[in-house]
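Let's walk through this structure together, one chain at a time, and then look at where the chains meet.

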Amino acid sequence: MKRFKMRWPALKLEVICEEIQENKQALDVLVSNMPIKAIQGHEMVGGWILRARAVHMQKHPFELSADALSSEKMKDAPVGRVALLFPQGSSTEVLVKYDECVDDRDYIPVAQVEPEYLDTLKKVGRLQWQSASRTKEIYHVEFTEVE
Amino acid sequence: MKTWQELKAEIDRETILTTLEPVQDVVDVFRYSISKGGAGVPNDKQIFTTWFFGGADVNYIADWCYFIIELAKKGTYSMEQLCQMTRFWIKQPAEFGNYCGLCKQYAFFQELDQIMDGLKKEELVAVLDSLRGYLTNINAWVYQYMPWGVGRAFHRKDRAYYETGMQLAKGI
């Protein structure tokens, strides 16, 4: 089973994510580009979702057709869902639902945060929201494959 | 005039430099409130409208790049049509973004504009993919520095709020 780690060095926090049944090919492309570093952001209207808006896939461009991938509305996804938005070529967005949200747009689900890390994920989400809305601290996120 | 390979390499270099460190244009405009192009200055010398309109316009250019690339992949559009779409959809917001101080993205577009008509489809796609990568960095940093906390001053009103207001108004 394919697994990867999301780590926020400034927060000294990390979660492990595992593959799901849907869109395994899309996850393969993402993981094949790891390690990846990006700036961590937050969704601003749809609810409690971590959102990395500029995730670059420099090694292996994303060539899968959007029509070939299944989608899921974030409001219906379980907490801990990792999804892609607009994956194409050398860029994608990566979102992680960490609590309730009302977002009914379609995203491409690719992984799930393992249950024992959900509390950590929520903590990261709250801190990132605090940054986005008040403190403006910059948090980087690192994606690395886990054996 | 640069070749498409030179332009792509230059954009890619800028993308690498601004993935973990801020885009300087964004720092100038969104963190330090400097209006390099003069936008907002005639309107009470404020920067808020520059943020609001400039940030949103440039945000969408990344999406236009995505859609033009998708249309190019479908193979139903000629190179002439794809160039026309690129000019229609990207030039205006990129130029406006430049006025709002997001200058480098417009400089990249202008260079693409000069060479676009002589490119093959896959070459245009390659440059647009790079440009999209740089634009996503701009967007990520705009979101980082935009003072979203001002939203706390404008809380959503609900029915109970107006019903209370109606009760209070009876005393006027």
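How many helices and strands does the secondary structure of chain A come to? Chain A has 2 helices and 10 strands, where helices (H or I, at least four residues) and strands (E, at least two) are DSSP runs, numbered from the N terminus. Before going on, please keep in mind that this is a predicted model, in which local features need pLDDT of at least 70, side-chain atom pairs count only at pLDDT 80 or more, and totals for chains, interfaces and linings use all residues. Residues are numbered from 1 along each chain as its sequence is written, while chains are lettered from A and ligands numbered from 1 in the order in which they are written.

Chain B has 7 helices and 0 strands. For chain B the radius of gyration is 20 Å, whereas a compact globule of 172 residues would have one near 16 Å. The C-alpha atoms of chain B fill a box of roughly 75 × 35 × 30 Å, taken along the principal axes. Buried residues make up 37% of the 172.

Now take a look at helix H3 of chain B, residues 48–74. Its 27 residues should span 39 Å at 1.5 Å a residue, and the end C-alpha atoms are 40 Å apart, which agrees; the expected span is 1.5 Å times one less than the number of residues. Among the buried residues of H3(B) are Trp51(B), Gly54(B), Gly55(B), Trp64(B) and Tyr66(B). The cover over the buried residues of H3(B) includes H2, H4, H5 and H6 of chain B, together with S7 of chain A. Just after H3(B), Gly75(B) takes a positive phi of about 80°.

Finally, the meeting of the two chains: 19 residues of chain A are in contact with 17 residues of chain B, a contact being two residues whose C-beta atoms, placed from the backbone, lie within 7 Å. On the chain A side, S3, S5, S7 and H2 each give two or more residues.

Definitions and conventions
Rg over C-alpha atoms; globule rule 2.2 N^0.38 Å. Buried ≥ 20, exposed ≤ 12 C-beta atoms within 10 Å, placed from the backbone.
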